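Have the sequence and the structure open beside you as you read.

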Amino acid sequence: MPRRHRSARRRSHGKLARLAVPVAIPVALIVAVGAIVAVVDHSGLNHISDAANADCASPAAYVLPAKQVNRAGHGHHGQHGSGSTASPTMATMPTATPTTATLPTATPATDDPTTAATATTTAPPDDSASASAAPCPSGTTTATGGASAAPSGTTGTATTTAANVNCDIIVPANPLSARGLATAYQLTGPDGMSAAQSGCTMANATSLGAFVQATILNTQTGQLYVYNPLVITQGTTPAVAPAVPTLPRHYVATIDFGFNGTDLTQVGATANALRQGDCVNGQGGSDFGQVSFCNGTSFFNEAFQLEREGKVKVPSEGTSAQIVASGGRLGTGQDCPTVRNFDMIDQDQSDNVTSQYLLNPATGQTAQNTTSNAANLAGATLLTNGSDNALIDLFLDPTLGCTPFMVPDLGNNNQPTSSQALDELLAAKNQPAVTALVPENDEMTLDGNGNFDVAKTNLYRAEVGQAPISGQNNRADSPAMYCQNMVNIQTPFLAANQAQLATGTSPVPTVGDNLFTFMANRLSMSFTNLSCQDFGLTDPVTVTLDGNGVGVAATFNTTQQTVTNTSGTGTGSGSAPPTGGAPAGGGHRGRPHHQWMNPSGM
């Protein structure tokens, strides 16, 4: 099969200490944000090819609030804050509460760990091999887009460089099966570099850590589960062997990937691993970047169908008296935010995961973040993936008196936890009148040359359960209108809720000294990174920095703005598409990936 890996035109920088936001400090902090699940029909969509070599074998951060570190289920906020009327967040778990240690009825008694992740079929033949064998290779991109088959784990001639921002992740055979989920994913260097040469180690997770998250749906009962597969550094072993999940006999699963660097490329441990998982890195020779997916489209299609049939129970997003209504008819009142609300989105919404791992700093080994592992691994460091989902689940929700959608974690004694796919299901069920969907000027959906790419944007949307580009949703989510709605909805939301947000912990203390200044700085950076100025809009935020470049205050211009140029340019690299439809003639150029920004918004 033809292979494809990263874009020939790589992103220039990775993100440091990011939270699903473009964050930056004067000395230069890199920007980004990103993603989840699924495609309706992968035929002709440039699936990730498996091994170029059929003989390749299987190889065997934010700063969180203190109360959330090493807590079961990510230590998610408990019940709703004062005045909140948010709905229960654990679907089809009638006897459970967010603090219940076990959920006796959550795991079906008739589970078959080898059953495939489809609604009715059985697992494909096991394609696993020796854990010491070489994994399938990561291609070395050439100027013409060709790829050479240099094994990802070999030393080669590459030298260590602090500038590397890209890594490979080795996906085990049959990744959607119980055995595949419990087999550690391996982080290693790209283009033939080793983990050590490239810096692609979990000990370096703040800069180049990778995270994997599975959300599982029992297709007979509608019960949802989460399982967070472990990522280890290639050449190491788990600090604690991953728990093997007991899966329903009939189920469908999605696997989401997150990364704290720039480009993370899935590489199959066997010739068929990626095909078995229905995995995609991107579209048309261009990776999404930090994120990628396995089987997302099938998962969301099945979940939405079962929801229509009344089997899948997705709760209301809830409301909170702690939220000050804003934005007039465009706003969402006192509804709790979701990942499709313009109140909280940024330049690249719906990206990365809520998985966390424990690191033994003495050995560089990792383990799943479970209650028992946290108790037994004294001195372990908590590793976290900066993401839109972590932002809303771990920071915005507890600060605003809301609660995320949680279900049993099959790797942690059924403790309730959230996931990227759950956040998308919640957002799909509770979409506001003006809904934010991944836009074409999202850096992760641009093609390898920085052009708008309809097919890639639609693939990304499908992988996170969102509708494809249409004339109808372009009224809110074309590049120009996405910018306008972000400015006109999020700006008054932050201004109105400044006092409450200021009580929240900053996800990245070098960007803002509290949640409010962080969000303000993030909005300003998103405005620039989406090239919103090219549509005749003005950055509505002014950020005040202290001597260390940390945002300590912000002011807003809440005057409603209207785009005056629907064919504006993206950082001088081309024109944006008309507001009413998709770009013509192969797409228009978007902004360069991951620019280094000044966070002052000036």
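## Salt bridges and cores

Glu424 and Arg340 join their side chains in a salt bridge, with N to O at 2.9 Å; the term stands for a side-chain nitrogen of Lys or Arg within 4 Å of a carboxyl oxygen of Asp or Glu. Glu424 sits in helix α8 (residues 420-429) and Arg340 in the loop between α5 (296-308) and β14 (356-360), so this pair ties together parts that are 84 residues apart in sequence. Helices (H or I, at least four residues) and strands (E, at least two) are DSSP runs, numbered from the N terminus. Both Glu424 and Arg340 are buried, where buried means under 20% relative accessible area, exposed over 50%, and partly exposed in between (1.4 Å probe, protein chains only).

A word on the source: this is a predicted model, in which local features need pLDDT of at least 70 and side-chain atom pairs count only at pLDDT 80 or more, while totals for chains, interfaces and linings use all residues. Residues are numbered from 1 along each chain as its sequence is written, and side-chain values use heavy atoms, with hydrogens and water left out.

| Pair | N to O distance |
|---|---|
| Glu424 and Arg340 | 2.9 Å |
| Arg522 and Asp346 | 3.4 Å |
| Arg522 and Asp388 | 3.1 Å |

What does the bridge between Arg522 and Asp388 tie together? Arg522 lies in helix α13 and Asp388 in helix α7 (residues 388-400), so the pair links parts that are 134 residues apart in sequence. Through shared partners, salt bridges join Asp346, Asp388 and Arg522 into one network. Arg522 is buried, with a relative accessible area of 0%, and Asp388 is buried too, at 1%.

Asp388 brings us to α7. Of the 13 residues of α7, 12 are buried, so the helix is largely enclosed by the rest of the structure. Among the buried ones are Asp388, Leu391, Phe395 and Leu396. They pack against β14, α8, α11 (479-496), α12 (498-501) and α13. After α7 comes Gly401, whose phi is positive, near 80 degrees.

Next, the nonpolar cores, each a set of buried Ala, Val, Leu, Ile, Met, Phe, Trp, Tyr and Cys residues joined through side-chain atoms within 4.5 Å. The largest has 47 residues, of which Phe342, Leu391, Leu396, Met486 and Leu515 touch the most other members. Elements giving two or more residues to this core are α7, α11, α13, β19 (541-545) and β20 (551-556). The greatest share comes from α11, with nine residues. Beyond its neighbours within four places in sequence, Leu396 is in contact (heavy atoms within 4.5 Å) with Met344, Leu391, Leu501, Leu515 and Met519. A second, separate core of 39 residues includes Ala178, Ala184, Val212 and Leu359.

Ala303 is buried, with a relative accessible area of 1%. Its contacts, leaving aside neighbours within four places in sequence, are Leu217, Val312 and Leu425. The C-alpha atoms of Ala303 and Gly222 are 7.9 Å apart, although 81 residues separate them along the chain.

Finally, confidence. The chain averages a pLDDT of 76, and 67% of the residues score at least 70; pLDDT is the predictor's confidence in each residue, from 0 to 100. Over residues 1-60 the pLDDT is below 50, and over residues 66-161 it is below 50 as well.
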